[in-house]
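Please look through the sequence and the 3D model below.

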Amino acid sequence: MLVSVVIPSYNRLPILKKCLLSLENQSISNPRFEYEVIVVDDGSTDGTSEWLDRNTDLLPHVRLIEQKHGGPASGRNNGVNNSKGEVIVFIDSDLVVKSNFLSSHIRTL
């Protein structure tokens with residue numbers, strides 16, 4: 001099962017970094033469970049896209065979608081339209097998750 005985590009972000013780079021690193025540190029015990037993280041940069045001017053482009057090795061689950069500033073709802077919709085997952089999990093860019101965040105979602109579903 002593929003889970004897509006969709007994160008709209010606008011000028012939140014310092015906390016987005018923490019958010020994405022926490023998502024890269026998920027403890028996944030089920031080998032049939034995979035995930036992708038879709039960051040929708042909503043026209044940020046703080047270097048978000050550039051930082052993500054420079055850190056692809058550090059963030060192997062992350063895919064970047066760029067759009068003109070349209071707000072978080074537009075970003076979520078764009079993220080869903082570009083996702084590949086059977087399940088969509090929405091979070092905001094200021095959420096730093098525990099290592100069991102995604103496995104708890106899957107277990108509950």
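Ser 9 is buried, because its relative accessible area is 2%, under the 20% cut-off. This is a computed value on a predicted model. Ser 9 belongs to strand S1. Its bridge partner in S2 is Asp 41.

S1 covers residues 2-9 and S2 covers residues 34-41. The two pair in the parallel sense, over eight bridges. One of the bridge pairs is Leu 2 with Glu 34 of S2. S1 also runs parallel to S4, and four bridges join them. There, Val 6 has Phe 90 of S4 as its bridge partner.

How much of S1 is buried? Seven of its eight residues are, so the strand is largely enclosed by the rest of the structure.

Four strands make up an open sheet, with parallel pairing. Their order is S3-S2-S1-S4. Strand S3 (62-66) and strand S4 (87-90) are the edges, and each pairs on one side only. From one strand to the next, the twist averages 25 degrees.

Helix H3 (residues 72-81) packs on this sheet and touches S1, S2, S3 and S4. The direction of H3 makes about 150 degrees with that of S1. Helix H4 (residues 101-108) packs on the sheet too, touching S1, S2 and S4. For H4, the angle with the direction of S1 is about 125 degrees.

S1, H1 and S2 make a β-α-β unit, and it is right-handed.

Val 5 is placed in strand S1. Is Val 5 buried or exposed? Val 5 counts as buried because its relative accessibility is 0%. Neighbours within four places in sequence aside, Val 5 is in contact with Leu 23, Glu 36, Val 37, Ile 38, Val 89, Ile 91 and Leu 102. Thr 108 lies 103 residues from Val 5 in sequence, and their C-alpha atoms are 16 Å apart in space.

The largest nonpolar core has 22 residues. Val 5 is among those with the most contacts inside it, along with Ile 7, Leu 20, Leu 23, Val 37 and Ile 91. Elements giving two or more residues to this core are S1, helix H1 (13-24), S2, helix H2 (48-54), S4 and H4. Which element gives the largest share? H1 does, with five residues.

## The aromatic pair

How many aromatic pairs does a search of the whole structure find? The search finds one. It joins Phe 33 and Tyr 35, with ring centres 6.4 Å apart. The ring planes are at 25 degrees, so the pair counts as stacked; the cut-off for stacking is under 30 degrees.

Both partners are shielded from solvent by the same criterion. Phe 33 counts as buried because its relative accessibility is 8%. Tyr 35 is buried as well, with a relative accessible area of 8%.

How values were computed:
Residues numbered from 1 in each chain as written. Predicted model: local features only at pLDDT ≥ 70, side-chain atom pairs only at ≥ 80, totals over all residues. Heavy atoms only, no water. Pairing = 2+ DSSP bridges. Axes fitted to C-alpha atoms, helices over the stretch in contact; angles between N-to-C directions. Contact = heavy atoms within 4.5 Å. Buried < 20%, exposed > 50% of the residue type's maximum accessible area, 1.4 Å probe, protein only. Phe/Tyr/Trp six-rings, centres within 6.5 Å; stacked < 30°, edge-to-face > 60°. Core = buried A, V, L, I, M, F, W, Y, C linked by side-chain atoms within 4.5 Å. Right-handed = clockwise from strand over helix to strand, strands pointing away.
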